[in-house]
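Dear colleague,

My notes on what was found in it follow.

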Amino acid sequence: PISKVIDMLSSLKSKIVVEGQEAQRLFEETASMCSDRSKQLEYEIKTGGSEKAELEASIADETAKLMALEDKVEELAASITSDEADLKSATEIRKREAADFTAQEKELME
């Protein structure tokens, strides 16, 4: 009877050792996977941070260009308004001159 108990305990011990080894292997695989994922996430965070800085710089640059172009548009709009006023004035002068010329020509023809 005691030898049977000792055999059972030995068998149980070997099963526990095998289960422990399997649990250790699974733990090491999981730890390795977590470590790899952690490194990958750290890299992605660093890359994302530098990409964010680049994009912010690009946004600032494009905003500055936009402001400059808006100023240019305002200048051109003012210039167009001025040119249109000058054209209207010149057209009126030409109409008066044409009317004066027509009147003088009419006088000379009579």
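**Pairs along the helix**

Asp61 and Lys65 are four residues apart in helix 1, so about one helical turn separates them. Please bear in mind from the outset that this is a predicted model. The side chains of Asp61 and Lys65 meet in a salt bridge, with N and O at 3.6 Å. Asp61 counts as partly exposed because its relative accessible area is 39%, between the limits of 20% and 50%, and Lys65, with a relative accessible area of 43%, is partly exposed as well.

A further pair is built from Lys52 and Glu56, whose closest N and O atoms lie 3.6 Å apart in a salt bridge. Here too the spacing is four residues within helix 1, which means that about one helical turn lies between Lys52 and Glu56. Glu56 has a relative accessibility of 45% and therefore counts as partly exposed.

With Glu22 and Arg25 the spacing is three residues, again about one turn of the helix, and both of these residues lie in helix 1. Their side chains form a salt bridge in which N and O are 2.4 Å apart. Glu22 is partly exposed at 36% relative accessibility, and Arg25 is partly exposed with a relative accessible area of 37%.

How many salt bridges are there by this rule? The count comes to six, and those described above are among them. In general, side chains of opposite charge can pair when their charged atoms come close.

**The chain as a whole**

The secondary structure of the protein chain comes to one helix and zero strands. The radius of gyration of the chain is 46 Å, well over the 13 Å that the globule rule gives for 110 residues, so the chain is more spread out than a compact globule. Along its principal axes, the C-alpha trace spans about 155 × 20 × 10 Å.

What share of the 110 residues counts as buried? The figure is 0%. The accessible surface of the protein chain comes to about 10,100 Å², and carbon and sulfur atoms account for 62% of that surface.

Ala78 is placed in helix 1 and, at 48% relative accessibility, counts as partly exposed.

**Charge on the surface**

The protein chain carries 15 positive and 26 negative side chains, and the centres of these two sets lie 11 Å apart. Which residues form a negative surface patch? That patch is made up of Glu70, Asp71, Glu74 and Glu75. Of these, Glu74 is located in helix 1, which covers residues 2-109, and Glu74 counts as exposed because its relative accessibility of 55% is over the 50% limit.

Terms used:
Residues are numbered from 1 along each chain as its sequence is written. This is a predicted model: local features need pLDDT of at least 70, side-chain atom pairs count only at pLDDT 80 or more; totals for chains, interfaces and linings use all residues. Side-chain values use heavy atoms; hydrogens and water are left out. Patches are made of residues with over 30% relative accessible area and no salt bridge: like charges are joined within 9 Å, nonpolar side chains (Val, Leu, Ile, Met, Phe, Trp, Tyr) within 5 Å. Accessible areas come from the Shrake-Rupley method with a 1.4 Å probe; for residues, only the protein chains shown count as cover. A salt bridge is a side-chain nitrogen of Lys or Arg within 4 Å of a carboxyl oxygen of Asp or Glu. Lys and Arg count as positive and Asp and Glu as negative; His and the chain ends are not counted. The place of a charge is taken as NZ of Lys, CZ of Arg, CG of Asp or CD of Glu. Helices (H or I, at least four residues) and strands (E, at least two) are DSSP runs, numbered from the N terminus. Buried means under 20% relative accessible area, exposed over 50%, partly exposed in between (1.4 Å probe, protein chains only). The radius of gyration is taken over C-alpha atoms; the globule rule is 2.2 Å times the number of residues to the power 0.38.
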